[in-house]
Structure formats: C-alpha cells, structure tokens
Amino acid sequence: MSEQSKSPQDPDRTPRVVIVGAGMAGVQTAVALREQGWRGAIALLGDEPHQPYDRPPLSKAVLLGKADGSAFDIDFASLGIDLHLGRRVTALRPEEHLVETDRGPVRYDYAVLATGAEPIRLPGSEGRPDVHLLRTLDDAERLRPVLAAQHRIVVVGAGWIGAEFATAAREAGCEVTVVEAADHPLAGALPAEVAGHMTGWYADAGADLRTGVRVDSVAPGEVTLADGTALPADAVVVGIGARPATGWLAGSGVALSPADGSVQADERLRTSVPDVYAVGDCASFPSARYGTRLLVHHWDNALQGPRTVAENIARGAAEGVVYDPVPYFWSEQFGRFVQYAGHHGDADELVWRGDPTGAAWSVLWLRGDGAGGAGRLVALLAVGRPRDLAQGRRLIERGALLDRERAADAAVPLKSAVR
C-alpha cells in the first residue's frame, strides 16, 4: 500500500503524537491533526472514564436532567485515534520523549499538553459530601438530585459558573443564596461599573446575592459568613475560579508562569522544551495584538488553539503559524445571553450602547489610537445584542477605529461607526 493510498483507519504508526487531556482542546487537536494530513499515530490520554465530552451543557441541560450527557459525536477509531480513558498522567520526561502514566510510560515524537484547569476548592470543605464543584460530568450528575429535591443551596462565587449554576437552580425551584467576596459579580472578568448592572439580575430571578462578604466556615446544614451571618444550606456549590492543571509537570523543564501556573507557550503554542506544545486552559500565550500574555479559560480558545498546534506539528516549524486570536466567550444566565470578545486590559475608554438597566445593551472598550473623536475597538460585551458582538469581533480583528459618537448610538450598526 502506498503512502498516498493509506487511510486514517490505517495510519503509519511512526511518528507519534501523544495528547495529554481528552477535553475539548485535546479532542480538537487530535481531529485537527488528521484534517491537516498527519499520517502518524495519535494517542489521546484522558483521566476520566467517560467518553470525551463537551463542558458547557454541564451547567445547563445535563444539570437539569434534560440531557444524559454531552459526549462528542466523533468516531475516534475511524480517524485512527487511539483513545485511552481513565489513564492519569504523572510526569513528563522530555529528554526521553516519554509521558509517564499510572499504567506505564508512553513514547512520543510530539506531545501536546491539554490538561485544562482544575477548580479551586473552598478551604476546609474537602471531603464533605454536601459541598460540590461543577467541572466534570460526575460533578453534574451528583448535583442533579440536589436540584431535583429543590434544596436550599448556597453558591460560593458569583463568577460565570456561579451565575450559570444559580440560574439552573432557580429554574429547578431551589432556594438560592450566592455569596461573593468582591463587591460585584463577575469581579475577575469585568469592572464594577459594568458588572454592577448585573447585580439586579439575581433578585429578578429570585436569588439572594450577597457581595463583599467571605465564607468563614461550612457545617452540616449551614454556611457561616465572615460577618457572622448563618445561612441555611442543604448543599453548597463552590465556583471561586480554576487554575491550570500543571502540577504534574514539576521537574520536567517545562516553563510555568510564576503568577498563575500556566504553561508558558510561545506564539506558536510551543513550550520551552523541544517537541512539546500546550493548548487550552492550561496554557498562556503572548498576544501581539494586546501586547501581553493571555490565559483564556473559555471554550472558544479550546476550539481555536488546536488548529494552530495541529498545523504546526503537521507542517513543521519552518512553516508554522502564529496564534493570536480575539478571545471570545459566552454565557447564559438569568434569561440573558451574554457575550464578550477581546481583551479590555489596556483600554482607555468605555462606551455604552443602550440602557444597561434594560434587556439589551452593549459596552465597548476603546484604545485612544485615533484622533478627532476616534478610538480603536479592543473589546466588547454584548447583552442580548448578538449582532453587536458579531460585527464587533470582526472589527477588533481588523483593528478598526470607531467614531465615538456613532458607536454610542445603539441604533447605528457598529460596522457603520467605523472611521
């Protein structure tokens, strides 16, 4: 059989790409390798026993019992992808080109680190059956009967996961109190002047939001706050953030960020050791667009990054491509569709489109690169205005300058506000 006539079902067994992590980033890397014409072996290692699955439905349909799972509709065998489930990685040995696992070492010619992120646990809550996380399929299945029983639930953290879980719990008829240490929801993602307008969403949905207060302790049936308030709680759900799952790389020589523990990938998503790439929630990358290193814990990054990794492996470093996306994410909470594109960290100005007390509005972040009332669009938040998001994302990619006055008019399409 000639090389040209071989099919994905019968790939050349050398060389081999080993992908560590079978979430969105790992799965999409494997698929993209085949799409890029990679003829060698592909091994996909996942530490969970389940077929690889998508995470966004966990806080929605799966949690509410409207779906039994969210497995990817991918025939791994027909693509010649060797899927190893329930296999935990323990170390990387780059000098020997080996990934160590609890079932023995796996040789690689190229390795892709796609281990994602792990949720931060509430101190003092480890091992408690009434304290839950929402990160995996098993987490969602453990929470299903809690919602079905319409329990009193305390949610710790008013970030994206906390808001989405509170939305589902209220839909299920639970009594919900959300506790947030910051003075506004989504404190890690949005400034107070923007996120403050989302505070009322909780009350409108019948949830009690308590900001500016921390949890002091958790006891059976009760959560005590730092101000002494005791909240009744049949269950506690913790959503206080996540950190890159990179502890297993200690001693490997792979450079990690001292700030957040992410793998410090370069502009082509290569790590500091040869033949090893990193993608998704576990990796940060330098953005020339924004002049800073970005760590993006969102679905779209886990979808887009693998295409860059696959192309760079399949075509070789000499023909490699640079990864510099416009970050994007979305969330459904309290009957609203929230979308964000870009990175507002270096913005000079915030421009409102529409009334933030209403059902549909947007916020633009501009950088003062233009004269005469113009600013470069660097980020956009859209609530119930998907057209703003779609047009704005393209304008950010182009580096477009917007007329501030026209951009602030919600009746003017964003694309018509370009200078």
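In the predicted model, domain 1 and domain 3 bury about 490 Å² between them. Carbon and sulfur atoms account for 45% of this area. The contact involves 5 residues of domain 1 and 8 residues of domain 3, and the C-alpha centres of these two domains are 32 Å apart. The domain assignment places residues 16–118 and 242–315 in domain 1, and residues 335–416 in domain 3. Domain 2 covers residues 121–238.

Polar contacts between domain 1 and domain 3 amount to 4 residue pairs, with both residues of each pair at pLDDT 80 or more. On the side of domain 1 that touches domain 3, the residues comprise 2 nonpolar, 1 polar and 2 charged. The count of salt bridges between the two domains is 1. A salt bridge joins the side chains of Arg393 and Asp300, with an N to O distance of 3.0 Å.

In soluble globular proteins, nonpolar side chains tend to be buried together. The largest nonpolar core of the model holds 95 residues. Ile19, Leu147, Ile153, Phe165, Leu190, Trp365 and Leu381 touch the most other members of this core. For Leu147, contacts beyond its neighbours within four places in sequence are made with Leu63, Leu64, Ile153, Phe165, Ala168, Ala169, Ala172 and Cys174. Of these partners, Ile153 and Phe165 are also listed among the residues that touch the most other core members.

Note on methods. Residues are numbered from 1 along each chain as its sequence is written. This is a predicted model: local features need pLDDT of at least 70, side-chain atom pairs count only at pLDDT 80 or more; totals for chains, interfaces and linings use all residues. Side-chain values use heavy atoms; hydrogens and water are left out. Domain bounds come from an automatic or database domain assignment. Contact means heavy atoms within 4.5 Å. Buried area is the accessible area (1.4 Å probe) that two parts lose on being put together, summed over both. A salt bridge is a side-chain nitrogen of Lys or Arg within 4 Å of a carboxyl oxygen of Asp or Glu. A polar contact is a pair of N or O atoms within 3.5 Å; within protein, one must be able to donate a hydrogen and the other to accept it, and residues adjacent in sequence count only if both atoms are side-chain atoms. Ala, Val, Leu, Ile, Met, Phe, Trp, Tyr, Cys and Pro count as nonpolar, Asp, Glu, Lys and Arg as charged, and the others, Gly among them, as polar. A nonpolar core is a set of buried Ala, Val, Leu, Ile, Met, Phe, Trp, Tyr and Cys residues joined through side-chain atoms within 4.5 Å. Buried means under 20% relative accessible area, exposed over 50%, partly exposed in between (1.4 Å probe, protein chains only).
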